[in-house]
Structures are given as structure tokens and as C-alpha cells.
Amino acid sequence: MLYWNSLSDFLSMGGYGLYVWGSFVLTAAVLGGELLALRQRRRRALDDVRRWRLLNGDAPHDPSP
Amino acid sequence: MSPTAAITTPARIHWFRFAAPQQFYPLAGRLLPWFWAAAVLLGVAGLVVGLLVAPTDFQQGDSYRIIFIHVPAAWMSMLMYVAMAFWAGLGLVLNTRLSSMMASALAPTGALMTFIALWTGALWGKPTWGTWWVWDARLTSELLLLFLYLGFLALQAAAEDPRRADRAGAIVALVGVVNVPIIYFSVQWWNTLHQGSSINLTRAPSMAAPMLAGLLLMVFAFWAYAIAATLQRVRALILEREKDTEWVQALPEARAAR
């Protein structure tokens, strides 16, 4: 079922380890970074909603069309 | 659709209900866990099949395994641009708030997908072509796609008023969409180092079954990821732009103290 005979075989990727792992690791880092940024953005947006209420009292506007 | 229009025509078209940010925000929130779960499960399955089970390629050796990221990322980079142009154009024509927010939410993930496609392409090109980069049609048009995404994002960031930002961004998105078919057909229209497509609707796939399975799993994983990231970002955008509305102020997550 598994194609590889050993872990070092797997890591060396038939001599192409640098290229293969360079692709997979960078992709994981980029997507992981995006996830962190998305979480932070939501947190900041919710903070802004609360700050707006503090500055404007408890009487929100009707949405503009 | 403005919220009032959505309220006055509920019986005819229920779908337009979700064109109102107020309706779409909770819907996206309910969908999100499913898309994140699908992205993780499909991604793990795709990595197992692609990296552990699939055999090596007789021509390219194990460098071919870059395909499991390169092709899904390249497809998403084009698809997301078309989706972005669609929503931006709809926002421009109908002046709907949510459409433009969808376009803005798609752009950062689309740009990242383009960057991943270019990066993995360079890392694949070096061992197979002997060079990181050539100025041929496929690579150059994909680089142009990255600049179109970055131009869209820069224009949106530069405009103070969100409505003006939406309009400026929509122009870039719509003008740039002609680049997408150029990318897609470039390997047929011009002589290029880049290989033709490995998967085609009209021909049997030219790859071994586990390779194809791994690739399809990764394609679906990237789909799920892109949808989840876009929905998550559009929810934040809705909060940012509608923080002064009654319904946002009434949200339980905005009520609770941190």
C-alpha cells in the first residue's frame, strides 16, 4: 500500500526533496498564515463593533440603503 | 439587493433573501464548519494518497508530486478571479452591498493561490526544465494575474469610501478577466515549455489511478478551503462595514465582553 520503503526514502523524494518539500511547506505556511490573519480580522471587527457602541451609546442607526 | 427590496419580494424569489448581509452573515456562519471540515479531511486524504501511496513518475521522478499543489492552486487562482469579476460586476450594475463584499473577500485568497501556483511552478520548473522561470505565455499571463489581484487589492485599500473602492476594484476585475482564458489556453495557442493539461473532459486522463485520485482529492480540498476562507472573510467584512447597524449591534458575539 505505501510506496516508500523508509522514512529517509520518503524525505529525499528520489533526490527532489528540496523542490517537493519546498512546495508543500511553503503552501502550508501561506495557508496557515491566512488562517491566523482571518481569525485576527474577525476579532478586530468585533472589537470595532463594541467600540462603536461605546462611542455612540446604545442607539444604532438604520442601515443606509 | 437592498434590504428593503429583499423584504418586499420574499414570496417570489427566496434566494434574494440572502443577498442582504443581515441574512447572509448567519447563513455563512452555519456553512463555515462544514467547509473547513471538508478542506481538512479532503486535504489529509489527498496528501496521504499523493505523497504516500501514489507511485513515482517514470519520466519526472518524484518531482512530479508538486502537481498535487500546483494544479489545484493554479485552477483556483483562475476560478477565483472569474468569481471575483462576476461579483464585482454584479455589484457595479445592481449596486448591491453584498456582491461587492464577496469580490473583496475573494481577492486575498485568490492572490495567495496565484502566488502558490507561481512558487510551486518555479520549484517544478527547475528540475524538469532546468530553469526557475521563462517568459513564455503561460507563466507570464499567470504572473499578470497576480498583478491584477494585487492591483485590485491596492485600489480597494487606497479609496477612503468603500463604495468608491468597490467601483474602482470592479473596473480592474472586469478588465482583467480577459486574461483568464489567455492563461487557460496559452498552452494550446503558443509554443511553450509548459506541458498541456493532464486532465481533460474529452480524453481519458493520462495518469495512473492513484495519481489521479490524489490530484482530484487535492482539487476538492482547495475548493473547500477557498470557499471557507472567502466566507470567513466576507463575515468579517460585513461586520466592518455594517457595525453601525442595529442587527450587527444585536449580535450575541458583539454583545459578549471579551
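Student: What share of the contacts in chain B with a separation of 6 or more comes from residues 24 or more positions apart?
Tutor: Such residues account for 73% of those contacts. Two residues are in contact if their C-beta atoms, placed from the backbone, lie within 7 Å. Please note that this is a predicted model, in which local features need pLDDT of at least 70 and side-chain atom pairs count only at pLDDT 80 or more, while totals for chains, interfaces and linings use all residues. Residues are numbered from 1 along each chain as its sequence is written, and chains are lettered from A and ligands numbered from 1 in the order in which they are written.

Student: How many helices and strands does chain B have, and how are they defined?
Tutor: Chain B has 10 helices and zero strands. Helices (H or I, at least four residues) and strands (E, at least two) are DSSP runs, numbered from the N terminus. Chain A, by comparison, has two helices and zero strands.

Student: What makes A105(B) a buried residue?
Tutor: A residue is buried if 20 or more other C-beta atoms lie within 10 Å of its own, exposed if 12 or fewer, and partly exposed in between, with C-beta atoms placed from the backbone. A105(B) has 24 C-beta neighbours inside 10 Å, so A105(B) counts as buried. This residue lies in helix α4 of chain B, and among the residues that A105(B) touches are T230(B) and V234(B). A105(B) and L231(B) are 126 residues apart in sequence, yet their C-alpha atoms are 7.5 Å apart.

Student: Why is α4(B) described as largely enclosed by the rest of the structure?
Tutor: Of its 33 residues, 26 are buried, and therefore the description applies. Helix α8(B) is mostly covered, with 24 of its 33 residues buried.

Student: How do you know that the length of α8(B) agrees with expectation?
Tutor: The expected span of a helix is 1.5 Å times one less than its number of residues. Helix α8 of chain B (residues 209-241) has 33 residues and should therefore span 48 Å; its end C-alpha atoms are 48 Å apart, which agrees. For α4 of chain B (residues 97-129), the reach from first C-alpha to last is 47 Å, close to the 48 Å expected.

Student: Where in α4(B) is there a kink, and what is meant by its angle?
Tutor: The kink, of about 30 degrees, lies at A107(B), shortly before the proline P108(B). The bend at a residue is the angle between axes fitted to the seven residues ending there and the seven starting there.

Student: Why is N95(B) called partly exposed?
Tutor: N95(B) has 15 other C-beta atoms within 10 Å, and therefore falls in the partly exposed class. N95(B) lies in the loop between α3 (67-94) and α4 of chain B, and has a positive phi of about 55 degrees although it is not a glycine.

Note on methods: Lists of a residue's contacts leave out its neighbours within four places in sequence.
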